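The points are numbered and may be read alongside the model.

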Amino acid sequence: PGVQAATAMGGLPPNRPLNANDTYFDNFVPSPQGPPQNVDYDQQVMSDYFETMGIPIVQGRGFQSTDAGSQALAVVVNETLANRYWAEAGKNPIGQRLRMCCGDQAPWWTVVGVAKDVKQGGVDKKTGTEVYWFLDQSLNMRLGRAGINGATGIVTNVHAFDDDLSFPGFTNPFEVCPGDDRGLECSADIR
């Protein structure tokens, strides 16, 4: 009772540890004076995160259910990141791409929206750069046999809250390793 909305995220503002992940920004030419190609905070979020948390999208759009099944990998960035890597150079951040770490093997993600800045490292700290990754594009849980009910329980509990929410790519872990009593790990994939 009294719950108006619910969502999931990788870290709850306003007091999270710094992630500081190397990131490559398409159409950004680094200079010796900086800034470094780095993202201060990675935030994995589910549908309706921005609406639930009251974070406005100031340019472009937030995540949509159609992003979950799309081959194009969508991200939302905060104002600080958009300004630092694209807007200050006169480029529109919408449609720009970024790649997390480690060379050509990592996929390019396309910016679909810019979110209002949110304090992550503490309310008294400077706002850092932030990328929001859409968990609905790929959420994988690896569970030991004792935790298998967790995956089906998540879907059951979400449906108790919102029966219209679908998990079209849900792999039931009992189907992955039925009757396995040895405690082997099984995967449940929610997409």
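1. One aromatic cluster is formed by Tyr-49, Phe-50, Phe-63, Tyr-132 and Phe-134. The model is a predicted one, and the structure holds ten aromatic pairs. Two pairs that involve Tyr-132 are described in the next points.

2. The pair of Tyr-49 and Tyr-132 has ring centres 5.8 Å apart and planes at 45 degrees, so the pair is tilted. The angle falls between the cut-offs of 30 degrees for stacked and 60 for edge-to-face pairs. Tyr-49 belongs to helix H1 (residues 49–53), while Tyr-132 belongs to strand S8 (residues 130–134); the pair therefore ties together parts that are 83 residues apart in sequence. Tyr-49 and Tyr-132 are both buried.

3. The pair of Phe-50 and Tyr-132 is edge-to-face, because the planes of the rings stand at 70 degrees, with the centres 4.9 Å apart. Phe-50 is placed in helix H1 and Tyr-132 in strand S8, so this pair ties together parts that are 82 residues apart in sequence. Phe-50 and Tyr-132 are both buried.

4. Thr-80 is found in helix H3, which covers residues 79–85. Is this residue buried or exposed? Thr-80 has a relative accessible area of 15% and is therefore buried, the cut-off being under 20%.

5. The side chain of Thr-80 is joined to the side chain of Asp-117 by a polar contact of 2.7 Å. When residues up to four places away in sequence are not counted, Thr-80 touches Asp-117, Thr-127, Gly-128 and Thr-129.

6. Asp-22 is located in strand S1, which covers residues 21–25. The relative accessibility of Asp-22 is 47%, so Asp-22 counts as partly exposed; the class lies between the limits of 20% and 50%.

7. Which residues are in contact with Asp-22, its neighbours within four places in sequence left aside? They are Gln-37, Asn-38, Met-100 and Cys-101. With Asn-38, the side chain of Asp-22 makes a polar contact, side chain to side chain, at 3.2 Å.

8. A further distance concerns Asp-22 and Arg-99. The C-alpha atoms of Asp-22 and Arg-99 are 8.9 Å apart in space, whereas the two residues are 77 residues apart in sequence.

Conventions. Residues are numbered from 1 along each chain as its sequence is written. This is a predicted model: local features need pLDDT of at least 70, side-chain atom pairs count only at pLDDT 80 or more; totals for chains, interfaces and linings use all residues. Side-chain values use heavy atoms; hydrogens and water are left out. Helices (H or I, at least four residues) and strands (E, at least two) are DSSP runs, numbered from the N terminus. Buried means under 20% relative accessible area, exposed over 50%, partly exposed in between (1.4 Å probe, protein chains only). Contact means heavy atoms within 4.5 Å. A polar contact is a pair of N or O atoms within 3.5 Å; within protein, one must be able to donate a hydrogen and the other to accept it, and residues adjacent in sequence count only if both atoms are side-chain atoms. Rings of Phe, Tyr and Trp (its six-membered ring) pair if their centres lie within 6.5 Å; planes under 30 degrees apart count as stacked, over 60 as edge-to-face and the rest as tilted.
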